Amino acid sequence: MDTPIFDFVRAYANSQTSRLHMPGHKGKSFVGCESLDITEIKGADSLFECDGIIKKSEQNASALFGSHTFYSTEGSSLCIRAMVYLAMLHAKECKKAPRILAARNVHKTFLSAAALLDVEVEWMFSEDNYLTSEITPDRLEREINKHHPFAVYLTSPDYLGNVADVESLSKVCKKYGVILLVDNAHGAYLKFLERSMHPTDLGADMCCDSAHKTLPALTGGAYLHVSYDAPRLFVEQAKNALSLFASTSPSYLILSSLDNLNPYLKSEYKVELCELLKKTARLKDALAEHGYTLLGDEGLKITIRTTDFGYFGYEFADILREDGFECEFSDKEHVVLMLTPQIDGECLKKLEASLLSIERKKRIIEAAPRFVTPKRKTSIREAALSISETLPAKECLGRTLALATVSCPPAVPILVCGEEIDENALSVIEYYGIDELCVIK
Ligand SMILES: Cc1ncc(COP(=O)(O)O)c(C=O)c1O
């Protein structure tokens, strides 16, 4: 498989051309990668109107993923906005109400899409944890019958490594003629399992993957995938949808990274992934035997409920940091470690030794307060576009949330724009250590 973008950029970097164009560094080294950082010069194509090297590279990615695949240099965040916009166009075309049924554990970008596009959202809450969703096909069917959405939106895998049963859920969506959108930001690699578990192979109409989260791509590299079976409109309008929300200066470093990934994904990646998954499974067995509670069913994540082992998640992360390991995520109850084939065997052995050397302590019983469905005061759009103020959380009782100002990771809001901050919500917010809230003034 060829690498037309990377080849072009490298050849240009090696040419002695004087750069009388942007970027201002002119290819001179400041951080070291500038020579490869170009703009839309002749021959470089243009991401949102492509008919040259970018189009060719996206065709390579499409062949690998078995879908219509479009590049994003602004992460899944851009793809999520584009997906929601495309779904909204479809609803308009079908004269359906602009209502999406979403599992509540959305990344905050979904809220910005809902605010910008004035989407009405009906939420499916989880009993268990604000980061997860346990949507069964029966429940989905009931919720569809109750709310009559034009689309269902799932986040899978979630931050803790739980994977939804997209195949069964997509059957329910198809039965009711409802579009299925999946935030697969954490699951690009699912395409390359022995049996693909990628959402577009399991019946989703569209999904986004952050290439940079689980594949060896530069930060910002992501894909919007449109299934071959999805309404034609999605493919026809995909570039317009992405360009509506995107910068007009996409990074060629990131495009080159996505491009350069294609031959690797086509050749050795699948075998390397399979080997890593076996090693990770063995490591997880050893950890379970040592007494750790492991959560999630995702092969590339190790999620430990550290409170069962006597540590708060952030304390546990500090211990690992002392040993030279930086976790993806920790909160009060968990640590999440993310692996890829780019972690070598030696590192895995050291990780195992480190985890097995941590002494078990008395279980921490403290648990998150049960979250009760909050009251909606205004629409997501109205709240997000209101004049707001940021106040200490404990002063916000009775106020209405304007923006879900949650940082990444995990960037999953507990309350969303337009919901009332009641005592229950405040206790959950306090439990997770959120000190300030952005409320409508
Ligand atoms: C579930 C989920 N969706 C979407 C995103 C946004 O992805 P990106 O950082 O590629 O824009 C994230 C980022 O962490 C995420 O965790």
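Predicted model: local features only at pLDDT ≥ 70, side-chain atom pairs only at ≥ 80, totals over all residues.
Lysine 191 sits in the loop that links strand S5 (179–183) to strand S6 (206–210). A polar contact of 2.7 Å also connects its side chain with that of aspartate 201. With neighbours within four places in sequence set aside, lysine 191 is in contact with Leu64, Phe65, Gly66, Ser196, His198 and Asp201.

Leucine 215 is likewise a loop residue, placed between helix H7 (211–214) and strand S7 (222–226). Residues up to four places away in sequence not counted, leucine 215 touches Ala188, Tyr189, Tyr223, Leu261, Leu265 and Tyr269. Its C-alpha atom is separated by 9.5 Å from that of leucine 258, which is 43 residues away along the chain.

Elsewhere, an open sheet is formed by 3 strands in the order S12-S14-S13, with antiparallel pairing. Strand S12 (388–392) and strand S13 (401–403) are the edge strands, each pairing on one side only. On average, neighbouring strands of this sheet are turned by 55° against each other, direction ignored. Strand S14 (residues 436–440) runs antiparallel to S12 and is joined to S12 by 5 bridges. Glutamate 389 has valine 439, in S14, as its bridge partner.

Conventions:
Residues numbered from 1 in each chain as written. Heavy atoms only, no water. Helix = DSSP H or I, 4+ residues; strand = E, 2+ residues; numbered from the N terminus. Contact = heavy atoms within 4.5 Å. Pairing = 2+ DSSP bridges. Axes fitted to C-alpha atoms, helices over the stretch in contact; angles between N-to-C directions. Polar contact = N/O pair within 3.5 Å; in protein donor to acceptor, adjacent residues only side chain to side chain.
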